[in-house]
Amino acid sequence: MNARTTPAQVAALDVDYVDPARLPELLADEHVLAIFGFQAGDTAPPTDDPRYLQVGLQAVGTALLEVWRSPYPVSRGRDAEGMAWASDGALMFGAMQVVEAAHGGIRNAAEHAYTHLLAALPAQGYPHLLRIWNYMDAIIEGEGDQERYRQFCVGRARGIGTIDTGTLPAATAIGRVDGVRVLQVYWLAARVPGTPLENPRQVSAYHYPRQYGPQSPSFARAMLAAAGSRLPLLLSGTASVVGHATLHGDSTERQLQETFNNFEALIGAARRHRPGLPEQFGHGSRLKVYVRNLDEVADVRRMLAQRLPADLPYLVLNAVVCRHDLRVEIDGVHDA
């Protein structure tokens, strides 16, 4: 089955967190574009539906499913490389799970994933990446340029090839702690391009200096969908980085505050394009909070309660951020 359909729809997406007991109902819903479960370890997923991805990150506390819904009927399938996809005529979800050992390590696995997905998307009729997630085991293992995240960045850049940095998608790269050396990459693509956004408090990741590795990371800080679309602001993984330097490496509380300072700047940049976007996180926002140290989760929840509305849904996931001195990272979506 091919994902190509008549491009008549206006792109629209709703993101929510729901009880896992609703999985059968969600799988029967032809308007569900993607479903994500969070379970560490090499366990069998509850379904082989291409719209479902079991992410190897362990949810801390209430286990919820992340669900992407479309107003349009969704087609779905897998290609010869095992790439899962689902599309609604305006947007396309896709996912690849690449066994590192089959490609000689994380660098080549990343190159393979990006080479394939960037070739597949135009062929399917959805050439514009809006948002992408990259989850890998042991992200900061290795010394110097052999660190796994730095090697991933090299492979990703090789897979992307020559590109205008002003078209890069929003992104997250996070370390799993499950010991499974499978690179999980999933994304949201569209028929028409969005507007990548940068944070005025930060150096663009693709301009990081050499001290962070032989290849700068390839992503934008956020993405606004095309004018007329009904998509939330797509926020990249955001942490306590100002300029290009990590701040407050000895304090999770201060890093969390700096992270929210960065979100405030990012939302401000987005509001220059979309003035109706709320200035603060609210009922239209959904966040994933990646926390390195499990013994800090209760403190992180307390800090979040001081900064977020009580009715704002969020997930806490045990994960490793891509720098040794970063203790917490947050990504998500934001809308009215």
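**Sheet, helix and cysteines in a predicted model**

Strand E7 (residues 84-87) and strand E8 (residues 91-99) pair in the antiparallel sense over four bridges, where pairing requires that DSSP finds at least two bridges between two strands. This is a predicted model, in which local features need pLDDT of at least 70 and side-chain atom pairs count only at pLDDT 80 or more, while totals for chains, interfaces and linings use all residues. Residues are numbered from 1 along each chain as its sequence is written, and side-chain values use heavy atoms, with hydrogens and water left out.

**Sheet**
- Six strands form an open sheet of mixed pairing, in the order E6-E7-E8-E11-E9-E10; strands (E, at least two residues) and helices (H or I, at least four) are DSSP runs numbered from the N terminus.
- Strand E6 (75-78) and strand E10 (170-176) are the edge strands, each pairing on one side only.
- From one strand to the next the twist averages 10°, with angles running from 0 to 180 degrees between N-to-C directions of axes, which are lines fitted to C-alpha atoms, for helices over the stretch in contact.

- Helix H3 (residues 148-160) lies across strand E9 (128-137), E10 and strand E11 (182-190), running at about 145° to E9, with contact meaning heavy atoms within 4.5 Å.

**Cysteines**
- The count comes to zero disulfides, a disulfide being a pair of cysteine sulfur atoms within 2.5 Å.
- Cys 153 is in no disulfide, because the nearest cysteine sulfur, that of Cys 322, is 7.4 Å away, too far for a bond.
- Cys 153 is buried, with a relative accessible area of 2%, and Cys 322 is buried at 15%; buried means under 20% relative accessible area, exposed over 50% and partly exposed in between (1.4 Å probe, protein chains only).
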